[in-house]
Amino acid sequence: MGNKDDEYDYLFKVVLIGDSGVGKSNLLSRFTRNEFNLESKSTIGVEFATRSIQVDAKTIKAQIWDTAGQERYRAITSAYYRGAVGALLVYDIAKHLTYENVERWLKELRDHADNNIVIMLVGNKSDLRHLRAVPTDEAKAFSEKNGLSFIETSALDSTNVEVAFHNILTEIYRIVSQKQINDSQNEDDPTDGKAVEVIIPSTSNSTTNKQQGCCKNL
C-alpha cells in the first residue's frame, strides 16, 4: 500500500538553473526539508527532491531538480531539462556577474526546454542587502522584457522561498488545468479522478522518461 507521499493529483518537474554558488541547492533544501547548510559544497552532477503542496484542493507534487552551474557539467543539459514544466533561474544579488550570466542561462533554457515552460527569475541571498550589486528594479525590468516572473529570496532566512515555489507551481497548475478544461470541451476528460503526471514524449529510452515522469506540452 502506497504511503501518503505517493498520493497526488499532479506531478510537476521544476529545474533550478544558474551559476555555481548562487544558492540553488539551499533553495531546494529550504523548500523541501526546511534546512540550510552554510557550508554546502557545489553540487556534483544532478540531484532532486520532492514536496507536495495544495492548490484548489488538489495535491501538487513538485519534483525539483538541482544541478551544478559549472561549465564542465553542461553535457547533462538535455536530460536535465527533459520533461520540465517550470524553471527557477537563480542569481546572487551580491554578485553582478551571476546576474549578467542570466541571459546565457535563459538562452540555454529556451534552446533545450519545452517552449511553454514557466520561468521565474530569482534574485537569491536578499539577506546580503548591504552587499547588493544588482538593483531590484533592473532585474524586474529584465523579467518584464523577457516574459518572466520575478522574486527575491533568501534561503538563509527563508524570505520568499515558500512564495517563490508556490507561485510557480500554482502558475503551472493553472495552465495545465485550463488546458484540461479546453480539451474536455471536445471529448470526455480521460484524467477525471486520476492523478496527472504531465509527460513529454521523447525518442530516448523509456526508462529514463519514466524516472523523470513529468510534463506534457502545455
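# Briefing: a buried strand, its rings and its salt bridges

With a relative accessibility of 0%, F12 counts as buried. Here, buried stands for under 20% relative accessible area, exposed for over 50%, and partly exposed for what lies in between, with a 1.4 Å probe and protein chains only. This is a predicted model, in which local features need pLDDT of at least 70 and side-chain atom pairs count only at pLDDT 80 or more, while totals for chains, interfaces and linings use all residues. Residues are numbered from 1 along each chain as its sequence is written, and side-chain values use heavy atoms, with hydrogens and water left out. Helices (H or I, at least four residues) and strands (E, at least two) are DSSP runs, numbered from the N terminus.

**Strand β1**

- Strands count as paired if DSSP finds at least two bridges between them.
- β1 runs parallel to strand β3 (residues 58–67), and 7 bridges join the two; F12 stands opposite A62 of β3.
- β1 also pairs with β4 in the parallel sense, over 4 bridges, and there L16 has L88 as its bridge partner.

**Aromatic pairs**

- A pair of aromatic rings is described by the distance of the centres and the angle of the planes.
- Rings of Phe, Tyr and Trp (its six-membered ring) pair if their centres lie within 6.5 Å; planes under 30 degrees apart count as stacked, over 60 as edge-to-face and the rest as tilted.
- The structure holds 8 such pairs.
- One of them is the tilted pair of Y10 and F12, at 5.7 Å centre to centre with 40 degrees between the planes.
- Y10 also forms an edge-to-face pair with Y173, at 5.3 Å centre to centre and 80 degrees between the planes.
- This second pair links distant parts of the chain, since Y10 is in strand β1 (residues 10–17) and Y173 is in helix α6, 163 residues apart.
- Y10 is buried at a relative accessible area of 6%, and Y173 is buried at 7%.
- Elsewhere, ring pairs link F48, W65, Y80 and Y81 into a cluster.

**Charges over rings**

- A charge sits over a ring if NZ of Lys or CZ of Arg is within 6 Å of the ring centre and within 35 degrees of the ring normal.
- The charged end of K13 sits over the ring of W65, 4.1 Å from its centre.
- R51 places its charged end over the ring of F31, 4.3 Å from the ring centre.

**Salt bridges**

- A salt bridge is a side-chain nitrogen of Lys or Arg within 4 Å of a carboxyl oxygen of Asp or Glu, and by this rule there are 7.
- Among them, E162 and R51 meet with a distance of 2.5 Å, N to O.
- E162 lies in helix α6 and R51 in strand β2 (residues 46–55), so this pair ties together parts that are 111 residues apart in sequence.
- Both ends are partly exposed: E162 has 35% relative accessibility and R51 has 23%.
- D56 forms a salt bridge with R174, with the closest N and O atoms 2.5 Å apart.
- That pair also links distant parts of the chain, with D56 in the loop between β2 and β3 and R174 in helix α6, 118 residues apart.
- R174 is partly exposed, at a relative accessible area of 42%.
- R33 and E35 form a further salt bridge, their closest N and O atoms being 3.2 Å apart.

- In helix α5 (residues 136–146), A139, F142 and S143 are buried.
- These three cover an arc of only 100 degrees around the axis, which puts them on the same side of α5; the arc is that of the directions from the helix axis to the C-beta atoms.
- D137, E144 and K145, on the other side of α5, are exposed.
- The cover over the buried residues of α5 includes β4 (86–92), α3 (96–100), α4 (102–112), β5 (118–124) and β6 (149–152).
- Just after α5, G147 takes a positive phi of about 70 degrees.
- T153 is found in the loop between β6 and α6 (161–184) and is buried, with a relative accessible area of 1%.
- Contact means heavy atoms within 4.5 Å; leaving aside neighbours within four places in sequence, the contacts of T153 include L27, V122, N124, K125 and A164.
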